[in-house]
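Please write a short report on this structure for someone new to it.

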Amino acid sequence: MSSISIIGVGNMASALAGRALAGGNTVEIIGRDPAKAKALAAALGGATVGRVGTAPSGDIVIVAVPYASAVAVVSEYGDALHGKVIVDITNPITPDFTGFVTPDGSSGAQEIAKAAPAGAHVVKAFNTLPCDVLAAGSVDGRPVDVFIAGDDAQAKARVSVFIESLGMHPMDAGSCRWRGHWRTPPCCSWASSPTPSSTPTSSSASTFSAEHTRTTTKGQSHARFSHWRNRARRFAHHP
Ligand SMILES: NC(=O)c1ccc[n+]([C@@H]2O[C@H](COP(=O)([O-])OP(=O)(O)OC[C@H]3O[C@@H](n4cnc5c(N)ncnc54)[C@H](OP(=O)(O)O)[C@@H]3O)[C@@H](O)[C@H]2O)c1
C-alpha cells in the first residue's frame with residue numbers, strides 16, 4: 001500500500017485517486033479551491049483533504065495540474081516536498097500540440113525537478129495515458145502498461161509498487177538522462193530518439209514505438225495526437 005497525495009482536482013486527479021483508493025492506497029486530495037477538493041474527496045469516498053502549501057501527507061505526491069502551473073506549484077510547496085517522490089504526469093506541449101513549451105535542451109520533468117527541494121525525486125509517469133483509460137484501468141479487458149522514467153531507482157521502485165496496486169504494469173523506460181521521451185508529445189513517446197538505456201520490452205511498447213518512429217513533422221504529430229485515445233489500445237498489456 002502507498003500513501004498518495006494528489007495536487008489538483010481535475011480529470012487526472014479524479015481518475016488516479018479513484019484507482020488508487022480501489023487499490024487499497026491512502027489518498028489525500030489537495031486543491032487550490034478547498035471546496036472542489038472536498039467535493040472530489042466526498043465523491044470518491046475514503047479520501048482525505050489536504051491544505052495547500054503545507055506538507056502533503058503522502059509519500060508519493062502526484063502533481064496533477066497543467067504543465068504551465070506545475071513548476072510554480074512545486075516551487076510553492078518548496079521544502080514541504082522534502083523526501084517525497086514527486087510524480088510528474090504533465091505534457092509540456094503547446095495548445096495546438098505541435099511543439100514544446102520547455103526550454104531547449106531541457107524537459108518538463110527536468111524543469112519540475114529544478115523547482116523541487118533536494119531530497120525529493122521526480123518520476124515521470126501516466127502522462128501517456130488518457131484519463132478515461134486510467135479510470136477504467138484496462139483496455140479491452142487487458143491491464144495497461146504505464147511507462148515510468150526517472151533518475152532515482154528507489155523512487156521508481158516506489159512508483160512501480162503504486163502502479164501495480166492500480167492493476168497496471170509499470171514499464172521502466174530508463175533514466176532522465178535519456179530525454180527523448182520527455183521531449184516528445186504523448187502520442188509519439190518512445191520514438192524518434194535513440195534507444196534508451198532500458199527499453200520497454202512488451203509487445204505493446206515495441207509496436208507503439210515502431211509505428212511512431214516516422215513521426216517527425218508537426219502535421220504528423222498533430223494528426224497522431226488527435227487520435228491518441230483510439231491508440232490507447234497500444235498500451236494494453238500483452239503477456
Ligand atoms: N486529461 C488527460 O487525459 C491527461 C492525460 C495525460 C496527462 N495529462 C496531464 O495531466 C495534467 C492534469 O490534466 P487534467 O486533464 O486533469 O486537467 P484538468 O481537468 O483541467 O485539471 C487541472 C487541475 O489543475 C488545477 N490547477 C491549475 N493550475 C493550478 C495552480 N496554479 N495551483 C493549483 N492547482 C492548479 C486545477 O484547479 P482548479 O480546478 O481550481 O482550476 C484543476 O484541478 C496536465 O498536466 C495534463 O497534461 C492529462
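Leaving aside neighbours within four places in sequence, Asp59 is in contact with Ser2, Ser3, Lys84 and Val85. Asp59 sits in the loop between strand E3 (48-49) and strand E4 (60-63). Its C-alpha atom is separated by 5.3 Å from that of Lys84, although the two residues are 25 apart along the chain. With 15 other C-beta atoms within 10 Å, Asp59 is partly exposed.

**The chain overall**

The model is predicted. The protein chain has 239 residues, and buried residues make up 45% of them. It holds eight helices and ten strands. Take the contacts between residues at least 6 apart in sequence: 66% of these join residues at least 24 apart.

**The sheet**

Eight strands form an open sheet with mixed pairing. Their order is E3-E2-E1-E4-E5-E6-E9-E10. E3 and E10 stand at the edges with a single partner strand each, so one side of each has no neighbour in the sheet.

How do E4 and E5 pair, and over how many bridges? The sense is parallel, and there are four bridges. Val61 stands opposite Ile86 in E5.

H1 lies across strand E1 (3-7), strand E2 (26-30) and E4. It runs at about 160° to E2.

**Strand E9**

Why is strand E9 (residues 145-150) described as largely enclosed by the rest of the structure? Six of its six residues are buried, so the strand has the rest of the structure around it. Both faces of E9 are covered. On one side, Asp145, Phe147 and Ala149 are buried.

E9 pairs with E6 and with E10. Strand E6 (residues 121-125) and E9 are antiparallel, with three bridges. Lys124 has Ala149 in E9 as its bridge partner. Strand E10 (residues 169-172) runs parallel to E9, and four bridges join the two. Here Phe147 stands opposite Met171 in E10. From E9 the chain crosses through helix H6 (residues 153-165) to E10, and this β-α-β crossover is right-handed.

**Around the ligand**

Which residues come nearest to the ligand? Of the 24 residues around the ligand, they are Gly10, Met12, Val65, Ser69 and Thr90. By class, the shell has 13 nonpolar, eight polar and three charged residues. H1 and helix H3 (67-77) each supply at least two residues of this shell. H3 gives the most, with four residues.

**Loop residues**

Thr102 lies in the loop between strand E5 (85-88) and helix H4 (108-115). Apart from neighbours within four places in sequence, Thr102 is in contact with Pro92, Ser107, Gly108 and Glu111. Pro92 is ten residues away along the chain, and the C-alpha atoms of Thr102 and Pro92 are separated by 6.6 Å.

Phe97 is also placed in the loop between E5 and H4. Its phi is near 65°, a positive value in a residue other than glycine. Asp140 has a positive phi as well, near 50°, and is likewise not a glycine. Asp140 belongs to the loop between strand E7 (138-139) and strand E8 (142-143).

| Residue | Other C-beta atoms within 10 Å | Class |
|---|---|---|
| Thr102 | 19 | partly exposed |
| Phe97 | 18 | partly exposed |
| Asp59 | 15 | partly exposed |
| Asp140 | 7 | exposed |

A residue counts as buried at 20 or more such neighbours and as exposed at 12 or fewer. Thr102, with 19, is therefore partly exposed. Asp140, with 7, is exposed.

Definitions and conventions:
Residues numbered from 1 in each chain as written. Predicted model: local features only at pLDDT ≥ 70, side-chain atom pairs only at ≥ 80, totals over all residues. Pairing = 2+ DSSP bridges. Right-handed = clockwise from strand over helix to strand, strands pointing away. Contact = placed C-beta atoms within 7 Å. Near = placed C-beta within 6 Å. Nonpolar A, V, L, I, M, F, W, Y, C, P; charged D, E, K, R; others polar. Axes fitted to C-alpha atoms, helices over the stretch in contact; angles between N-to-C directions.
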